[in-house]
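Please read the numbered points with the model in view.

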Amino acid sequence: MEGSSSLPIPPGHIDVEAYVDSLLCFATSHDLFQKLCGGVHILDFLTKEPDLYTALIPQEWRSWFDENEIQDILHLLMRQDLDALPEPRPGQDGMAGKPCNDTQATYRGQPVPPASLVEYIGIIRRHTLDRDIKAEPQIAVATSSLNNGLTRNVAVGMKPKKIHEVGNFVKYIDQLTYKIESDTSHPVSHIVDFGSGQNYLGRALASPPYLKKVVAIESKHHNIDGAKNMDIAAKLAKKEMTLRNKKLFRRGGGKASSCTDDNSEPLLISKVGVDQDQQQQDHIQYVESTITGGDLSLVLPQIKPTVSLGQATCDPQLLVISLHSCGNLLHHGLRSLIVNSSVKAVAMVGCCYNLVTERLGPPTLKYPSLRGSNARLEKTSAACDPDGFPMSERLVAYKHEHGEGIRLNITARMMAVQAPQNWTPEDSEAFFTRHFYRALLQRILVDRGVVGEPTGDGASTESSSPRGWTGAGQPIILGSLRKSCYSSFTAYVRGAIDKIRGDPEHGPHIVKYMDGLTDENIAGYEARYKHKKKELSIVWSLMAFSAGVVESMIVVDRWLFLKEHDAVRECWVEAIFDYEQSPRNLVVVGIKK
């Protein structure tokens, strides 16, 4: 468990401040990085002229990629020790490495990669936060037990990934509460879980050996109902039993209605709870609420006071937590430390960066981009949500060659939730195929007039699109299709058309443009563009690899937000889950003075 104010910075930086300076400078000045992280989209891959792959990737990289399989390229990006790469043989100008024997002057049997590619990989790695759990006794490292220390009743309904996350996080929270109580005069009375969902985390915290008081805040009523039923199964709540007058109940045909005769016996006698271990009772309280801006003024009056030495404590001392807070929910959780006197600490693990809104308006100067105009990008970038990214004033006021303030569009943030280090050959082949099918379908949609043809300069021409699109960059949102639709490109196109047909407003108009598209036509498209699949896979891999820096920027921004407030005594970020099991594994912690 970290102390003071720190980040899990990668090697190559003298201190945290040097890392942050380098991170912000690189992210706002490197042309290729900005194109890979928000400046291109897979749907544009087969619709733009000149060719997107050629326009984006340097020639010497393309030549090397042509000679290597995609799995070898992925290994170089994610796992290869760059210092161990050999120097090239004579005639391999521009390649990178260290001096070695002639027999070693290859990378997996092929020429070593270009020096500029190796340099780019090294730069991305040097600006991506360390995701390994540190070997410290306070950290809840994954155990070898089946349920990671959770009792069978508590672990019911959890998949292995959830067991790992909950088991580690409850141990971490237990250590954090001990640290808070040791370092401050404010022992934690309640743990408040933002976005509790089915309350797996709260249930584990309320169970032995932790026995914490948990306030589970959830906006969806059906999640709370489901969580309460699971509390009963875990013996953390009483099961209500209804006692009825059997004679009257049977006489009324089984209806639980009350008798109208004042002299008659009551049909419903009472509802009683089944006794359970009282030590584990009343440790969980549910509050149905939506949190905005971190304001807990509507929640605090509902929190049940704790009882110590026979006296109720009226002023709760809260630790706000969340496991994989979606979008802005983590921002609200961090702000709660600043705006509520009762909140003494926060520990939040984020995810779903694509759901984060944008605080700043559109840039005054455009970042490097190979994309056409896109209504969704324009709408989200102009949102100006005060609760969006960036949170910290440092990123808001950061001056760079493109203007002031750091922005991450939705494409960059969507790529930041990838976990390329966890890709297996089977996994990568499956989603490379899905992306290729979707890009190829977009080519068909352009050719059939469903969306407009983009011009060479990235703008788009006016078209008679039935949905008012202005270019190939304006995609039809398909979402997921049935698994059988990915068995072949023909099956994919037919499945996509069937789904589009279900749109009551626009479906008939779009399907009209697709009339006459035969299986032979579809097979012809696949044959014509088949060689582009590897190129698309390379670009997608570079985008996902580079987006590790995007996630680092988002996490650093949240840490800076806490660090900028005088009320915060210490704040830090560290990994608490095994990246292979849970790649969104960074917790942001802040403790109030």
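1. Pro-209 is found in the loop between helix H9 (200-206) and strand S3 (214-218). Helices (H or I, at least four residues) and strands (E, at least two) are DSSP runs numbered from the N terminus. The peptide bond that leads from Pro-208 to Pro-209 is cis, with omega near 5°. The loop between H9 and S3 also holds Leu-211, which has a positive phi of about 55° although it is not a glycine. Leu-211 is partly exposed, at a relative accessible area of 24%; buried means under 20% relative accessible area, exposed over 50%, and partly exposed in between (1.4 Å probe, protein chains only).

2. The model is predicted: local features need pLDDT of at least 70, side-chain atom pairs count only at pLDDT 80 or more, and totals for chains, interfaces and linings use all residues. Residues are numbered from 1 along each chain as its sequence is written, and side-chain values use heavy atoms, with hydrogens and water left out.

3. Two further backbone features deserve a check. The peptide bond from Phe-389 to Pro-390 is cis, with omega near 0°, and Pro-390 lies in the loop between helix H13 (375-381) and helix H14 (393-396). His-324, placed in strand S9, has a phi near 60°, a positive value in a residue other than glycine. His-324 counts as buried, at 16% relative accessibility. As background, most residues other than glycine have a negative phi, and most peptide bonds are trans.

4. On the overall architecture, the protein chain contains 20 helices and 14 strands. Of its 593 residues, 52% count as buried. Among contacts (heavy atoms within 4.5 Å) between residues at least 6 apart in sequence, 74% join residues at least 24 apart.

5. Which residues of helix H12 are buried? Helix H12 (residues 329-339) is mostly covered, with 8 of its 11 residues buried. These are Leu-330, His-331, His-332, Gly-333, Leu-334, Arg-335, Ser-336 and Leu-337. The elements covering them include H20 and the strands S2 (190-194), S9 (318-326), S10 (343-351), S13 (568-575) and S14 (586-592).

6. H12 also packs along H20. Their axes come within 10 Å and cross at roughly 10°; axes are lines fitted to C-alpha atoms, for helices over the stretch in contact, and angles run from 0 to 180 degrees between N-to-C directions. That makes H12 roughly parallel to H20, given that angles under 35 degrees count as roughly parallel, over 145 as roughly antiparallel, 65 to 115 as roughly perpendicular and the rest as oblique. The crossing of H12 and H20 is right-handed, a term used if the near helix is turned clockwise from the far one by less than a right angle, with anticlockwise giving left-handed. On the H12 side, Leu-330, His-331, Leu-334, Arg-335, Leu-337 and Ile-338 meet Arg-558, Phe-561 and Leu-562 of H20.

7. Helix H20 (residues 532-563) packs with helix H5 (residues 70-78) as well, at an angle of about 15° and with the axes 11 Å apart. H5 and H20 are therefore roughly parallel to each other, and H5 passes H20 in a right-handed crossing. H5 contributes Ile-70, Ile-73, Leu-74, Leu-77 and Met-78 to the contact, while H20 contributes Ser-537, Ile-538, Ser-541, Leu-542 and Phe-545.

8. How many aromatic pairs does a search of the whole structure find? The search gives 13. Rings of Phe, Tyr and Trp (its six-membered ring) pair if their centres lie within 6.5 Å; planes under 30 degrees apart count as stacked, over 60 as edge-to-face and the rest as tilted. The ring centres of Trp-64 and Phe-65 are 5.9 Å apart and their planes stand at 65°, so this pair is edge-to-face. Trp-64 is buried at 3% relative accessibility, and Phe-65 is buried at 1%. For Phe-436 and Tyr-437, the centres are 6.4 Å apart and the planes at 45°, so the pair is tilted.

9. Thr-177, in helix H8 (residues 160-183), is buried, with a relative accessible area of 3%. Not counting residues up to four places away in sequence, Thr-177 touches Val-188, Ile-191, Lys-212 and Leu-319.
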